[in-house]
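User: I'm new to reading protein structures. Could you go through this one with me, question by question?

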Amino acid sequence: MRKIEAIFKPFKLDEVREALSEIGVSGLTVTEVKGFGRQKGHTELYRGAEYVVDFLPKVKVEVVVPDKLLEGAIDAIVKAARTGKIGDGKIFVSGVEQVIRIRTGETDEAAI
């Protein structure tokens, strides 16, 4: 099993959720986050004053998938989240040793 953490622009969330649902991913966790990468934020004007916005709003989607769905899930996220502009985001993949569903006690792939 693998855990995918994808950080991308907030307006792409519905597209990513739908793309993951289409390939059979049934559950995910979404967190509103702030951050920056190479774009280092940007400047904005507010009431005539210019200020720097260092941390840009993003969303982080976390999903645990069986190994057989890993490549499909990554492809789905990339296609749905890509705008082609700087700041599209990142995907991190890590291993998951064990999953336990609290309600039923199911473990591993049965608990996903």
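What follows is a set of questions and answers about this predicted model.

User: Before we start, what should I know about the numbering and the cut-offs?

Analyst: Residues are numbered from 1 along each chain as its sequence is written. The model is predicted, so to speak of local features we need pLDDT of at least 70, side-chain atom pairs count only at pLDDT 80 or more, totals for chains, interfaces and linings use all residues, and side-chain values use heavy atoms, with hydrogens and water left out.

User: In what order do the four strands form the open sheet?

Analyst: Helices (H or I, at least four residues) and strands (E, at least two) are DSSP runs, numbered from the N terminus. Two strands pair if DSSP finds at least two bridges between them. The edge strands here are β2 (29-35) and β6, each pairing on one side only. The pairing is antiparallel, and the order is β2-β5-β1-β6.

User: How many bridges join β2 to β5?

Analyst: One place to look is Lys-34, whose bridge partner in β5 is Pro-57. These two strands run antiparallel, and the number of bridges joining β2 to β5 is seven.

User: And which residue of β6 is the bridge partner of Glu-5?

Analyst: β1 and β6 run antiparallel and are joined by seven bridges. β1 also pairs with β5, again in the antiparallel sense over seven bridges, and there Ala-6 stands opposite Val-61. On the β6 side, the partner of Glu-5 is Phe-92.

User: At about what angle to β1 does α2 run?

Analyst: Axes are lines fitted to C-alpha atoms, for helices over the stretch in contact, and angles run from 0 to 180 degrees between N-to-C directions. Contact itself means heavy atoms within 4.5 Å. α2 lies across β1, β5 and β6, and its angle to β1 is about 5 degrees.

User: Why do the buried residues of α1 line one face of the helix?

Analyst: Buried means under 20% relative accessible area, exposed over 50%, and partly exposed in between (1.4 Å probe, protein chains only). In α1 (residues 13-22), the buried residues are Val-16, Ala-19 and Leu-20. Look down the helix axis and take the directions from it to the C-beta atoms: the buried residues line one face because they fall within an arc of 95 degrees.

User: What do those buried residues of α1 pack against?

Analyst: Nonpolar side chains tend to be buried together in soluble globular proteins. For α1, the buried residues pack against β1 (2-8) and α2 (70-81).

User: Is Asp-88 buried or exposed?

Analyst: Asp-88 sits in the loop between α2 and β6 (89-95). Leaving out residues up to four places away in sequence, Asp-88 touches Ile-7, Phe-8, Lys-9, Ala-81, Arg-82 and Thr-83. Its relative accessible area is 18%, so Asp-88 is buried.

User: Which side chain makes a polar contact with the side chain of Asp-88?

Analyst: A polar contact is a pair of N or O atoms within 3.5 Å; within protein, one must be able to donate a hydrogen and the other to accept it, and residues adjacent in sequence count only if both atoms are side-chain atoms. The backbone nitrogen of Gly-84 lies 2.9 Å from a polar atom of the Asp-88 side chain. The side-chain partner, at 2.4 Å, is Thr-83.

User: What is the phi of Asp-108 near?

Analyst: Most residues other than glycine have a negative phi. Asp-108, in the segment after β6, has a positive value although it isn't a glycine: near 55 degrees.

User: How far from a polar atom of the Arg-101 side chain does the backbone oxygen of Ile-112 lie?

Analyst: Arg-101 is also in the segment after β6. Apart from neighbours within four places in sequence, Arg-101 is in contact with Glu-106, Ala-110, Ala-111 and Ile-112. The backbone oxygen of Ile-112 lies from that side-chain atom at a distance of 3.4 Å.
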